[in-house]
Amino acid sequence: MIITIPLVIVSAILAWLLRPAKNMAIPRKVAILSTVIPILVIAIVAVIFQILHNMAGMTWVSSISNTCFIIAIGLIGAAILAVVGFVITRKWEIAKGIGFGICIGIIISIIEFGVLEWLAGV
């Protein structure tokens, strides 16, 4: 909990700084969607598997949900590497879009973590 609160605050500040404008470029929209949608889908899958795990009468975090959470964190790490690559090649709009998507992905992952732990009864 000591790390999560500052991480959410930093993510929110970065998301505010990288927020999309009203007339943003198409590559930036695609970069945001391609970063956020896979993380969101994996988070939903993890929560669904945890609910199914709870319905079976088991009160711990399922290994499938843990694996989905780790995959989502891995996708965030891959997106960070992609941002570095786009910054090196000076494609600023795509880098800003992926950066905004990373901020949203981190917030989604923290919410997913809290929901999984709540469903597991920890």
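Visitor: What share of the 122 residues of the protein counts as buried?
Guide: This is a predicted model. Buried here means under 20% relative accessible area. Of the 122 residues, the share that passes is 31%.

Visitor: How many helices and strands are there in the protein?
Guide: Start at the N terminus and read along. The elements run α-α-α-α. The count is four helices and zero strands.

Visitor: Which residues of α3 are buried?
Guide: Helix α3 covers residues 63-88. An α-helix has 3.6 residues a turn, so residues three or four places apart point the same way. Keep that spacing in mind as you read the list. The buried residues of α3 are S65, C68, F69, A72, I76, A79 and V83.

Visitor: What do the buried residues of α3 pack against?
Guide: Among the buried residues are F69 and I76. Look for the helices that the buried residues of α3 pack against. They are α2 (26-55) and α4 (92-120).

Visitor: How far does α3 reach from its first C-alpha to its last?
Guide: Helix α3 has 26 residues. At 1.5 Å a residue, 38 Å is expected. The model comes close to that, with a reach of 38 Å.

Visitor: Which residue with a positive phi follows α3?
Guide: Move on past the end of the helix. There, a residue has a phi near 60°. That residue is R90.

Visitor: Of the contacts between residues at least 6 apart in sequence, what percentage joins residues at least 24 apart?
Guide: Contact means heavy atoms within 4.5 Å. Take the contacts between residues at least 6 apart in sequence. The part that joins residues at least 24 apart is 72%.

Notes
Residues are numbered from 1 along each chain as its sequence is written. This is a predicted model: local features need pLDDT of at least 70, side-chain atom pairs count only at pLDDT 80 or more; totals for chains, interfaces and linings use all residues. Side-chain values use heavy atoms; hydrogens and water are left out. Helices (H or I, at least four residues) and strands (E, at least two) are DSSP runs, numbered from the N terminus. The expected span of a helix is 1.5 Å times one less than its number of residues. Buried means under 20% relative accessible area, exposed over 50%, partly exposed in between (1.4 Å probe, protein chains only).
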